[in-house]
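Please take the sequence and the coordinates together.

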Amino acid sequence: MPGLIGKKIGMTSVFSAEGKNIPCTVIEAGPCVVTQVKTQETDGYEAIQLAFDEKREKSTSNPMKGHYKKAGTTPKAKLVELKEFEDELKLGDVVTVDLFDEDTFVDVTGLSKGKGFQGVVKRHGFGGVGDSTHGQHNRLRAPGSLGGSSFPSRVFKGMRMAGRTGGDRVKIENLRVIKVIPENNLLMVKGSVPGPKGSYLIIEK
């Protein structure tokens, strides 16, 4: 679907015409530069490559410098391919937040906050055992039996256990666009989106 690359600014709230307080996420959406147009003939599929956010030239490799120079733009920090744009886009074109309209719905994709190594209660929502530990001091948040005995003498794959949590690619669908502020390239969507402040997002129509 056509869309933009954005950056999460943070959360706020606005009042609706009915006086309801609506929690919103503020996203800096674009402007994004078209750095490559992929076609069926040359690449085997059709897509538009967009670039967003400035990056130091010193931190950019020489091949990428040439890639951006071909599009007539400065080095960028984030590259994303998107398909099915309604408008015919050319190399060097700029796509802005005007792509979106108020009171429509968008899908937002981002990388969720990493939470490090967590136990089963936080990672999988296990309930623990309450206060019934039968005198043991360390069983409140333990995972309990893993189900293996003399047969099958192993732990089955996919068993919900402690481990690294967060840092996953998450897509939130059907978030309502509350407000578009084109002069500041800002988009306000109802509800929360994945990731910390300053993280990159993909906003699709």
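In this predicted model, the largest nonpolar core has 28 residues, and within it L50 and L187 touch the most other members. In soluble globular proteins, nonpolar side chains tend to be buried together. The surroundings of L187 can be listed once neighbours within four places in sequence are set aside: its contacts are then T25, V26, I27, A29, V97, F100, V177, K179, V180 and I203. Another core lies apart from the largest one and consists of six residues, including I22, C24, V26 and I178.

Aromatic pairing comes next. How many aromatic pairs does the structure hold? There is one, formed by F52 and Y200 in an edge-to-face arrangement, with 6.1 Å from centre to centre and 90 degrees between the planes. The angle counts as edge-to-face because it is over 60 degrees. The pair joins distant parts of the chain, since F52 belongs to strand β4 (residues 47–54) and Y200 to strand β12 (residues 200–204), 148 residues apart. As for accessibility, F52 has a relative accessible area of 2% and is buried, whereas Y200, at 26%, is partly exposed.

Strand β12 also contains E204. Is this glutamate, E204, buried or exposed? E204 counts as buried because its relative accessibility is 13%, and the limit for buried is under 20%. The E204 side chain also has a polar partner: it makes a polar contact with the side chain of K171, at 3.4 Å.

Definitions and conventions. Residues are numbered from 1 along each chain as its sequence is written. This is a predicted model: local features need pLDDT of at least 70, side-chain atom pairs count only at pLDDT 80 or more; totals for chains, interfaces and linings use all residues. Side-chain values use heavy atoms; hydrogens and water are left out. A nonpolar core is a set of buried Ala, Val, Leu, Ile, Met, Phe, Trp, Tyr and Cys residues joined through side-chain atoms within 4.5 Å. Buried means under 20% relative accessible area, exposed over 50%, partly exposed in between (1.4 Å probe, protein chains only). Contact means heavy atoms within 4.5 Å. Rings of Phe, Tyr and Trp (its six-membered ring) pair if their centres lie within 6.5 Å; planes under 30 degrees apart count as stacked, over 60 as edge-to-face and the rest as tilted. Helices (H or I, at least four residues) and strands (E, at least two) are DSSP runs, numbered from the N terminus. A polar contact is a pair of N or O atoms within 3.5 Å; within protein, one must be able to donate a hydrogen and the other to accept it, and residues adjacent in sequence count only if both atoms are side-chain atoms.
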